[in-house]
Amino acid sequence: MAKPIEPTPTLYGKDAVRFWREVLREQKHPSPARLKLLDEAAKIKFKVKV
């Protein structure tokens with residue numbers, strides 16, 4: 001049986017501001033490593049029986 005997923009913590013104050021700045025920076029200047037990982041993941045073919 002799978003373990004339950006814990007809720008995402010709510011960010012406040014400086015942590016919230018830091019997180020939002022990081023999101024905005026990543027939108028303007030995406031990380032090449034992250035883009036490469038996403039590109040490789042998109043190429044994976046899964047065999048699923050329905």
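1. First, the ground rules. This is a predicted model in which local features need pLDDT of at least 70, side-chain atom pairs count only at pLDDT 80 or more, and totals for chains, interfaces and linings use all residues. Residues are numbered from 1 along each chain as its sequence is written, and side-chain values use heavy atoms, with hydrogens and water left out.

2. Searching the whole structure turns up three salt bridges. The term here stands for a side-chain nitrogen of Lys or Arg within 4 Å of a carboxyl oxygen of Asp or Glu.

3. Asp15 and Arg18 form one of them, at 3.1 Å from N to O. Both residues belong to helix H1 (residues 13-28) and sit three residues apart, about one turn of the helix. Helices are DSSP runs (H or I, at least four residues), numbered from the N terminus. Asp15 is partly exposed at 39% relative accessible area, while Arg18 is exposed at 52%. For these words, buried means under 20% relative accessible area, exposed over 50%, and partly exposed in between (1.4 Å probe, protein chains only).

4. Next, have a look at Arg34 and Glu26: their salt bridge has its closest N and O atoms 2.6 Å apart. Arg34 is partly exposed, with a relative accessible area of 35%, and Glu26 also counts as partly exposed, at 26%.

5. Lys43 pairs with Asp39 in a salt bridge of 3.8 Å, N to O. Lys43 counts as exposed because its relative accessibility is 60%, whereas Asp39, at 44%, is partly exposed.

Note on methods: Helix = DSSP H or I, 4+ residues; strand = E, 2+ residues; numbered from the N terminus.
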